[in-house]
Amino acid sequence: MLIKILPNTRLAVGCQETLNSNVTIDGLPNELLKRIFESLPNPASVSMVCRRWLALSDLRPTEKLAFTFGCGQSRYNCGAEHASVELCQCNGSDACHVLESLLPKISARVRSLSVDDDLLHGETVSNQQLFLLITKCGTESLNELHFTGVNFSAIQPWTFILLIKCTSLREVYFDDCSFGRWAEAEFFLGRILSSSFKTLTTVSITNCPAITDKTANLISKECPELENLNLSGCENVTSTSIVSLLERAPFRKKQLLNVNLERTDFCLTLLREQINSPYSMMRGKWKFVVLNTLIGYEKPVLYGACADGYHMYINYTPSSERRPKPH
């Protein structure tokens, strides 16, 4: 790229030798590059071109950060309170260096952190990349944490457990994430949630075979602010999870709880047997009815009401529509 600098252009001291000359943009002094960036409609748009431009860009802290790891061009887009970063992992791109340079500029006020994995061909977010995100984003001040489609198989457990430093989370999402051969994935997720038990309102962990009824049992006992629980696609979750949530209803501050157990091992018949058992402390207290809702197609929703004024909506997959488990 060639730039013609006119004779009457006012430059910083030490830059006068560029007058009346054709130079590439890489040959421009830092002072002039900064002036050019400032004149752009969106100065942040050039920050991901190279390391030098990133260092010269005037990027401001934002409250919501969204990172996407993929194979396209690296980009940085920002709004008033939101910034999105697309990081390229192809052709030896140094995403770690970009994170080291970028995060100190934009993470001072972050309250919401999102990480989306669009990588192909078996590539994964690296241990170092996640370590930088956790340690540079002020985890103590985070209120929302979103992981979507992230493959954690390359992450060391001691790096993942650093998320325990998030102590004031209100919303946590681990949607469609893979933990590879982690035998203790449920334990680690529980430990991460434990630091924010008193503030959590929404927990979503979907399509994770490591999740069992232990997770719902733990959340039901420890989360008084809970309003939404999504364990859809966790095939080892059963109606016992709902029993735990029903038993602890008086300890929650909100009277209504929304639960999503689609594509799990939830069984309505078994739930009714459990809550009406002579040994159940809830016998006679909860009544359930199946409602048919229309969202482009007919979808059953289980509505439960308690004599003490508590309510629960349960999205579930009827047994007749459930796919059989592979042997």
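A disulfide is a pair of cysteine sulfur atoms within 2.5 Å. By that criterion, this predicted model holds zero disulfides.

**Cysteines**

Select Cys 137 to begin. Its sulfur lies 9.5 Å from the closest cysteine sulfur, that of Cys 166, which is too far for a bond. Cys 137 is buried, with a relative accessibility of 0%. Cys 306 may be selected next; at 11% relative accessibility, Cys 306 also counts as buried.

**The whole chain**

Of the 327 residues, 45% are buried. Among contacts with a separation of 6 or more, 67% join residues 24 or more positions apart.

Select residues 127-136, which make up helix H4. What covers them? The cover includes strand S3 (64-70), helix H3 (95-106), strand S6 (112-117), strand S7 (144-148) and helix H5 (157-160). Just after H4, Gly 138 adopts a positive phi of about 55 degrees.

**The largest nonpolar core**

In soluble globular proteins, nonpolar side chains tend to be buried together. Here the largest nonpolar core has 78 residues, and Phe 160 and Phe 174 are those with the most contacts inside it. Helix H3 gives the most to this core, with six residues.

Centre the view on Phe 160. Leaving aside neighbours within four places in sequence, Phe 160 is in contact with Phe 152, Ile 155, Phe 174, Phe 179, Trp 182, Phe 188, Leu 189 and Ile 192.

**Helix H7**

Move to residues 213-222, helix H7, and select Thr 215 within it. Thr 215 counts as buried, at 8% relative accessibility. Beyond its neighbours within four places in sequence, Thr 215 is in contact with Glu 186 and Ile 205.

**Salt bridges**

Side chains of opposite charge can pair when their charged atoms come close. How many salt bridges does a search of the whole structure find? The search finds three.

- Select Glu 63 and Arg 109, whose side chains meet in a salt bridge at 3.4 Å, N to O. Glu 63 lies in the loop between helix H2 (51-56) and S3, and Arg 109 in the loop between H3 and S6, so the pair ties together parts that are 46 residues apart in sequence. Glu 63 is partly exposed, at 32% relative accessibility, and Arg 109 is partly exposed as well, at 34%.
- Select Lys 253 and Glu 225, whose side chains form a salt bridge at 2.9 Å, N to O. This pair links distant parts of the chain, 28 residues apart: Lys 253 is in the loop between H8 and S11, and Glu 225 in the loop between H7 and strand S10 (228-230). Lys 253 counts as exposed, with 60% relative accessibility.
- Select Glu 262 and Lys 299, which form a salt bridge with their closest N and O atoms 2.2 Å apart. Glu 262 lies in the loop between S11 and H9 and Lys 299 in strand S13 (residues 298-306), so parts 37 residues apart in sequence are tied together. Are these two residues buried or exposed? Both Glu 262 and Lys 299 are buried.

**Positive phi in two loops**

Arg 263 is the next selection. This residue has a positive phi of about 60 degrees although it is not a glycine. Arg 263 lies in the loop between strand S11 (256-261) and helix H9 (268-275), and is partly exposed at 45% relative accessibility.

Now select Asp 176, another non-glycine residue with a positive phi of about 60 degrees. Asp 176 belongs to the loop between strand S8 (171-175) and helix H6 (185-194). Its relative accessibility of 42% places Asp 176 in the partly exposed class.

Select Leu 256, Val 289, Leu 291 and Tyr 313 together; they form a nonpolar surface patch with about 290 Å² of accessible area. Tyr 313 lies in strand S14 (residues 311-316) and is partly exposed, at 32% relative accessibility.

Finish at Pro 250, in the loop between helix H8 (240-247) and S11. Pro 250 is partly exposed, with a relative accessible area of 48%. Pro 250 and Gly 309 are 59 residues apart in sequence, while their C-alpha atoms are 9.4 Å apart in space.

Note on methods: Residues are numbered from 1 along each chain as its sequence is written. This is a predicted model: local features need pLDDT of at least 70, side-chain atom pairs count only at pLDDT 80 or more; totals for chains, interfaces and linings use all residues. Side-chain values use heavy atoms; hydrogens and water are left out. Helices (H or I, at least four residues) and strands (E, at least two) are DSSP runs, numbered from the N terminus. Buried means under 20% relative accessible area, exposed over 50%, partly exposed in between (1.4 Å probe, protein chains only). Contact means heavy atoms within 4.5 Å. Patches are made of residues with over 30% relative accessible area and no salt bridge: like charges are joined within 9 Å, nonpolar side chains (Val, Leu, Ile, Met, Phe, Trp, Tyr) within 5 Å. Accessible areas come from the Shrake-Rupley method with a 1.4 Å probe; for residues, only the protein chains shown count as cover. A salt bridge is a side-chain nitrogen of Lys or Arg within 4 Å of a carboxyl oxygen of Asp or Glu. A nonpolar core is a set of buried Ala, Val, Leu, Ile, Met, Phe, Trp, Tyr and Cys residues joined through side-chain atoms within 4.5 Å.
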